[in-house]
Structures are given as C-alpha cells and as structure tokens.
Amino acid sequence: MQGTHCVSGTCTGVVVATGDNTVFGRIAKLTNEPKTGLTTLEREVLHFVLVICSIMFLMILIVIIIWTTWLRKKYPDWISVPNLIISCVSVAVAFIPEGLPVALTASMTISANMMRKHKILCKSLKTVETLGSVSVVCSDKTGTLTQNKMVVTEWAIGEKRMIAAQARDAMILNEQTNPKNNSISQIRAVAGLCNAGTFDASTINRPLHERVIHGDATDQAILRFSEGLGEVAELRRFWHTKYELAFNSKNKYMIKAFSLANQSGLSLALPSDIASVFGPGDVLLTIKGAPEILLDRVSSYVNPSGVTITLDEVTRKSMELIKDEWASQGRRVLLLARKSISGSMFPAGMSSLALESEMNKQASSGLTLVGLVGIVDPPRPEIPDVIDTLRAAGIRIFMVTGDFALTAHAIAKECGIVTTRDVDSVDALHRTTTIDPTLRALEIDFGTDGPRKAIVLSGPELITLNEGQWDQLATYQEIVFARTTPEHKLRIVREFQARGQIVGMTGDGVNDAPSLRAADVGIALGSGSDIAIEAADMVLLESFSSVVEALRYGRMMFDNLKKTVAYLLPAGSFSEFWPVMTNVAFGIPQILSSFLMIIICLFTDAVAAIALAYEAPEADVLLRKPRIPGKDRLVDWQLIVQAYGVVGMLETTASFAMSFWYLQRNGIPFSTIWFSFGQIPDSIDPDYYAQKLNEASSIYFVNLVVMQWFNLLAVRTRRLSIIQHPPLFNRATQNWYLFPAILFSLVMAFLWLYPHVFQNVLDTAAVPVEYWFLPMGFGVGLILVDEARKYCVRTWPKGVLARMAW
C-alpha cells in the first residue's frame, strides 16, 4: 500500500500492474539512476592535483637531469644514487601540500555544520560547493514556491460565476425556488463524490478550516468546498464506489463511478429528469480534471437553473474564457462533470480489465459539465525576496509545474520569476538544426529588442523541440514550464546540463524525485514526500528561503577552499622546495630538514588552514555571477602567481636570509657553503658546522611559521582590506578560530625544537629569541604588500593587478 493513506483495515485488492510498470515503479526507476561523472569540486581538486603533480614531476626531472649531466661526473661523492632517490622524494614531499586533504574534508564538514544551524541538511558533503556553482534553479511550484494550502475561491455553473463564500446562501435560495433542479447541489455532489480526500475522524468536530484531511492539496480544497455546502459523509453513504481512477500528472484527471445505495442520493446529485430514469443498476460516472483535457469530451452542461442542456459553441467559448481568465489570475481551474450510464453496459461477471476499459471509453465523450472551480494556492510570503536575491547572484530561476500555462504564468509573475510584460511562446523557437552535435545552434538575430527574456512552454510542446530549439531556449532569462510530467522535468534538467549549466532542482513531491536525482544539486523541502527527500542531495528543513543561505555557504566554501590553497602553497610547497633544489643545484646544505617540512604541512599549517573554513562570507558573495566550471578554477594561474611568485618568494627569501645571516654571524660565511658540495673548510670544526646547520634549519622553519601567521590574516579576503573585514570585534566578519590556530603552531614549534630528546634524535635546535621577532617584521611587510595589492584591485577594477588578482 505504498503511496496511499491506508493505515489499517481490510480490503480486496486488484493488481493492475507490478514493479516498474506501476506509477511508483516508473518514478522509482528514474530516481534510482546513479549520478554519473564528477562533481564540480571533484573536478577542481583533480585539476589541482594534475597541476601540482605536473610541476612536481618537472622539478624531479630537472633534478635527475642535473645529477646525470653534471653532478655525477664532476661531484661523484656529493649525491649517490640512494641520495638522489632521497632528493627526489624530498622534492615530492616539498611540492605536495600534505595538509590539503585534511583541510578540504574539514572545510566541507564545517560548512555543512554551519548550514545545519540554518536548518539546511546536507546529505552529501561534495554537493555543498556545487550549490555555489549553480547557474540555473528549476523550482517546482506547488508546496515549494506556494504554501500548498489550496482554497476554492470561485465557481461557475454555466456562464454564471460566484465567489465561494456565497455558495451556501445561493444553494439555500435555490432549494426554495427550484428544489428539484438545484445546480449548486449538483456541483457540490460531484465535488464531494469525485474526491480522494477524507476527513480525519479525530478532528471531525472541529471548525471546517481546522479539520485534518488526508489527501492531496487539490482534493482538500474541493472537499472543504463541498463540506461547506453540506455533509459529504452523508452524501457518500448514498452511493457505492464501483470504479476509481486516481489523478495522475499524465492524464490530468480522476474518475470515480458509483452505483446507487439509497434513493435519497438521487435528489442530492442529479436533476429531477435524470433522477427519474436512473435505475437500480445504473452507474453515475463523475470526473474531475484539467479543463483543456476534459472540455472536448463535454456535450452538455448544467445551466444556473439546474437543467441539463446541450453545450453550444457560444457557451463552450464562454467556459474557455472563464477558464483562461481565472488561470491568468493565478488560479488552478478544475472542471467537474458527470455522466449517467445504463447498467446494461456493465453485465454481471464483467472482468476488472473490461470494466476499466468500458469506464475509460464512457469518460471519453458525452460528459455533462456540472461546473468549474477556481482554486488559489498563495505563494509563500518570502518568495519574491528570495527570487530577487538569487537573480542578483546571477542565477536564473525557472518554474516547473503541472499547472495550466496561464495559471503558471500568473503565479510566476506574482513570485517575481517573470518580470517582463512580453512573454514568448513555443512559436518563437526557430527550428534550426545543429549539424555537429558538439556545436550549438545558430545565433538568432533578436533585433533592437536585445536578447530574449521570458517564455512559457507546456510539457507537450517540450517533446517537439529539436536540439537547435533547446539551444535557443537555454538563452532565455525567465522560463515557465507548464503541464509537465516527471519525464518532462527530468528532460529539462538534462537538456540544460548538456548545455554547460549547473542545475539545481527544488521540489517536494513524488513526481519531482527523478529530476531531483538527476540535477547537479537536488534540493527537497523537509515537508515534502519521503521519496523526494531520499532523492535529494540537500533538504531545506524549514522554508524555501533557506536556499539563499545554502547558496551563500556554497559560495563561501569555494572561496574558503581557495584561501586555504593560497595559504598552504607558499610555505607548504614553494618555500620547502627551494632548500632541496639549492642543495642539488648549488651544493648548499639542505637548509630545511625533510622532517621539519612534514611538521609544517601536517601541524603548523594544517590547523590554521582548517580555521579558514570558519571564515564568514565576504560582503559581495551574493553579488557575483556563478562560477563557471572549467574556467573559474580552484587553482588558476592568478593564484599560482600570488602563492609562488609573491608570498612564496617573500617567505623563501626572508627565510634563506635569516638562516644564512645566522651562519654568517657564527663564523660560517655564505661563500664557504656556496658551491661547496659537502666540502667543509679546514678552519671549521665538522661537529660545530653540523650543529649550526641544525640551528639554521630551525631558524628557517621558525621564519616560515611566523610569516605564515601574517599570511593567514592576509588571505582572509581576496579584495577587501583587513580593516573592512576585521578578524575580531565584528560579528559579521570575525573568526576567533584563527588565534587558537596560531597558538597551536607556536606550541608545535616549541615542541619539536626545544626538548633535548627531540634535538638529539631529529637534529632540531633551539632558536635565539631575536629570530622569533624579526620574522614578525617581515610578516607585517607581507600584509602591507597585500593590502596595497587589494587597494589597487578595488580602485582600478579593470587594471592589470585586478586581472591578475586571485
């Protein structure tokens, strides 16, 4: 009984389909299709790995070439084959930021935890960043953009229209003036009988608007309308259900057929002329659904006097006019109809398959239109602001709904999804042909009006589009997809993905599940169906407005990952590489030990890199256009220039200077180690030489650790000044975790350098106090250089430095 509201009891079930052939089965099959390919974050990390490994292998190759062509011949005792292998491994250790995997995982986890505090549940850490890259959001309407609290506001019988609040008074008046042909009683009967909703027994004594109804939102609205005119339970007791076809998104209608259980039911449901000839074995077929589907099947209608008359062309056009007018005002319009069928059409012993076939045949023509109802599902109050925020962030928002096109368009205008008066239709899409599948369609000349802005399409129109038309459709800023099925929604997602868009899909219903699964980021509402939540990557536990915070944190995560890489590369890669390279190429003793390289990567830098994950979003994070995967890289040439060419160069030069200055002050001039290749002057004691090299190595290490404190403060923003985005005393920008991270790196430096047990085993040494404070001056200089760069970027946003800004 999956997908039903059955809780307990007994019944006789008729199996009409099993497995993947059922409605649930088809949706489940589409939903279970695995996502293929890498997420945007995985692609960026792979790109970074390829870049850093390419540089690493190039440097290793240079080391091998230097050794093979020069050192092996001229200085055979300097680097043996085993030492060459150690040097190559040292280059690999130096270039690869070992702390990045830890920082990356921690950053995703921290971002997901921040989102949880805003009532956003991330089911997959990888999709947190993907959300920041989303360029198109396809949103379901009912329950997502709207409140899913539908209310019947208007109804029409024939050409007579009336608001729902006046229905009861009008019915009582009809009872007095025309008791045998009460038109309102007839529409009330079809509304109550052709309905899958049922009142919860525990709330049946409450006021009507407070009662709980089991059923979808449309059935709830119509059931409340019918109950407001009379007790539905009494009406249903007079009729036995003989056949039922549930509403589905493909047929757009539901059928319920009844046999008479009590003669009193005739006067409530039928006019006197039909009731008088309705026999004991006859069947009353009731049908409710989309007017554009059912109106062609109608041959007669009930007029305001309650009499059934032939539907002429004038009246048909009037009914269509009412439907279009209500739909254009954002109402969901449903047609209620009935048909009396002779019992001779259903002989005894008729099989269930034959019964179903006959019922569908009878429902295809000869219907009597009882009336139209207009239902309002008001948008959530926060939706217009959410749409404005997403649009300011460069994201296109499309509505995807099963509603009639005019209704969908009206709701889209009310929500702010459609903002232009002139809206295109499918006729605006030219049937161009793309010759090469890798090429996009021909450019269309839009004339003086510029690019197209808004278009409304229906599901049946979607399946007629060719590749060229989809290419044109992908250029629109505002799109409303109406009358869509789960298959249509799935195709919409895949077509936009095929055109390089990162697609986010929001929804809450079973029919949204396949597209939620296929989207780059599937976003379900916590109030939605279990299958939608299961298929989604992210769940908004409170309201749709949380998607703004989700977007903010998704973009923030990518920014913070970029900052993390920019922080790790100068010391954890560039400054560790040059001691190894100068050792091989210039014969200088390796001024930074391989062990201290590991300490930098896994301890002193790693915790600070994790602290960067707590950085608050920068002020302009929701004013930028979405990141373009493959173009706006996690690690691009601008970041490499900043990390290696600016910060890395400053830190490396300062660290070398401090180390060699220390050796100079202690009787080991730079000239004695430059191109020495292991040769120690006779005037220098080897043990003294080794001790001072250990101290110089520790000084190089301390200089990097201290300068990285200031680099940590500098990389917090990419364009804003540290004054505009302070780390302390500003709730919107502060990050207290930076300072425990700095303290941790200080403790780690003391731990590995000062205890004698480590000094003897690891060849570390205590560092004179002045070599702790001198790097602070270099660090201040680093911040000043970066502040000057940021100032130039802000002042001249199109200048050279702005184009080089990471």
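A cavity is here a set of points, on a 1 Å grid over the protein atoms alone, where a 1.4 Å probe fits but cannot get out, and lining residues are those with an atom within 4 Å of a point. Grid points are joined across faces, edges and corners, and a volume is the space filled by probe spheres set on the points. The legends describe a predicted model, in which local features need pLDDT of at least 70 and side-chain atom pairs count only at pLDDT 80 or more, whereas totals for chains, interfaces and linings use all residues. Residues are numbered from 1 along each chain as its sequence is written, and side-chain values use heavy atoms, with hydrogens and water left out.

**View 1. The largest cavity and its lining.** Of the eight cavities of 30 Å³ or more in the structure, the largest holds about 60 Å³ of space. Its lining consists of Q642, V646, V647, N711, A714, V715, L782, V785, D786 and W806, and two or more of these residues come from each of α26, α28 and α31 (770-795), where helices are DSSP runs (H or I, at least four residues) numbered from the N terminus. Seven lining residues are nonpolar, two polar and one charged, with Ala, Val, Leu, Ile, Met, Phe, Trp, Tyr, Cys and Pro counted as nonpolar, Asp, Glu, Lys and Arg as charged, and the others, Gly among them, as polar.

**View 2. The second largest pocket.** At least two lining residues come from each of α5 (126-133), α23 (546-585), α26 (637-665) and α32 (800-804), and α23 gives the most, with five. The lining divides into 14 charged, eight nonpolar and four polar residues.

**View 3. The packing of α28 against α29.** The axes of α28 (residues 686-714) and α29 (residues 738-753) come within 11 Å and cross at roughly 180°, which makes the two helices roughly antiparallel. Axes are lines fitted to C-alpha atoms over the stretch in contact, with angles running from 0 to 180 degrees between N-to-C directions, and those over 145 degrees count as roughly antiparallel. In this contact (heavy atoms within 4.5 Å), S698, F701, V702, V705, W709, L712 and L713 of α28 meet L738, I742, S745, L746, A749 and L753 of α29; 11 of the residues are nonpolar, two are polar and none is charged.

Key: 1 Å grid on protein atoms, 1.4 Å probe; cavity = no way out; pocket = protein on both sides within 12 Å on 5 of 7 lines; lining within 4 Å. Parallel < 35°, antiparallel > 145°, perpendicular 65-115°, else oblique.
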